[in-house]
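Please keep the sequence and the model in view while reading.

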Amino acid sequence: MDRNEDCTRIAPALYVGSLSAAHDAELMRKRRIRGILSLHATWSELRSKVSHRTVLLDDGDVNDRELLLSAVYTLNDLLADPSTRPVFVHCKAGSSRAPLLAATILALRNETEIGYELAAIAVKRRIVPHPGLLADFEDLRREVGWLPGGDLRGGVRSRIRRAVARVHVPHFA
């Protein structure tokens, strides 16, 4: 697999890549992408043909827990729905935010650690995860009890909802 490719398959229904790949309608069609999660402001001519969601994460340790939970919950929903798979998750360069979020979901599914999943992704594409954002995802996982034992098919979804309910912010009230 080409480590410099803009759209890298990292799991059967999950691709990670860059903003430029999200704008490449031919590439998205070639990969049969039916769901896109943008972590960077974007638009796509594919919006009418795919389920497109946006959660604007910053690269660094400036994201609040509500935003991190929203990103995890949104990707979980896209992956749980057969009509939106495969899913392409992207940030600007496809090297920090998108791989970190994908690694978090894979860690929940595979009952592993985020660092382990990042190492597996790094075999397939060049990644440079921001240490602050990695620490935020790991803190969030520990806080809501996402140690090995997660299940994307139901258990994680209910745990995310309970975690969101515990986070006191107006958006989720």
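Buried here means under 20% relative accessible area and exposed means over 50%, with partly exposed in between, all for a 1.4 Å probe and protein chains only. This is a predicted model, in which local features need pLDDT of at least 70 and side-chain atom pairs count only at pLDDT 80 or more, whereas totals for chains, interfaces and linings use all residues. Residues are numbered from 1 along each chain as its sequence is written, and side-chain values use heavy atoms, with hydrogens and water left out.

Helices (H or I, at least four residues) and strands (E, at least two) are DSSP runs numbered from the N terminus, and two strands count as paired if DSSP finds at least two bridges between them. On that basis, five strands form an open sheet of mixed pairing, in the order β1-β2-β5-β3-β4. Because β1 (7-11) and β4 (51-54) stand at the edges with a single partner strand each, one side of each is left without a neighbour in the sheet. Strands β2 (residues 14-17) and β5 (residues 87-90) pair in the parallel sense over four bridges, and Val87 in β5 is the bridge partner of Leu14.

| Helix | Lies across | Angle |
|---|---|---|
| α3 (residues 65-80) | β2, β3 (35-38), β4 and β5 | about 170° to β3 |
| α4 (residues 97-110) | β1, β2, β3 and β5 | about 160° to β2 |

The buried residues of α3 include Leu68, Leu75 and Leu79, and also the polar Glu66, Thr74 and Asn76.

A nonpolar core is a set of buried Ala, Val, Leu, Ile, Met, Phe, Trp, Tyr and Cys residues joined through side-chain atoms within 4.5 Å. The largest such core has 35 residues, and among those that touch the most other members are Leu14, Leu75, Val89 and Phe137. Helix α4 gives the most to this core, with nine residues. Leaving aside neighbours within four places in sequence, Leu14 is in contact with residues including Leu75, Leu79, Val87, Val89 and Leu106. A second, separate core of 10 residues includes Ala21, Met28, Ile36 and Val50.

Finally, Ser95 lies in the loop between β5 and α4. Ser95 counts as buried because its relative accessible area is 14%, and, not counting residues up to four places away in sequence, Ser95 touches Arg126, Ile127, Val128 and Pro129.

Key:
Contact means heavy atoms within 4.5 Å. Axes are lines fitted to C-alpha atoms, for helices over the stretch in contact, and angles run from 0 to 180 degrees between N-to-C directions.
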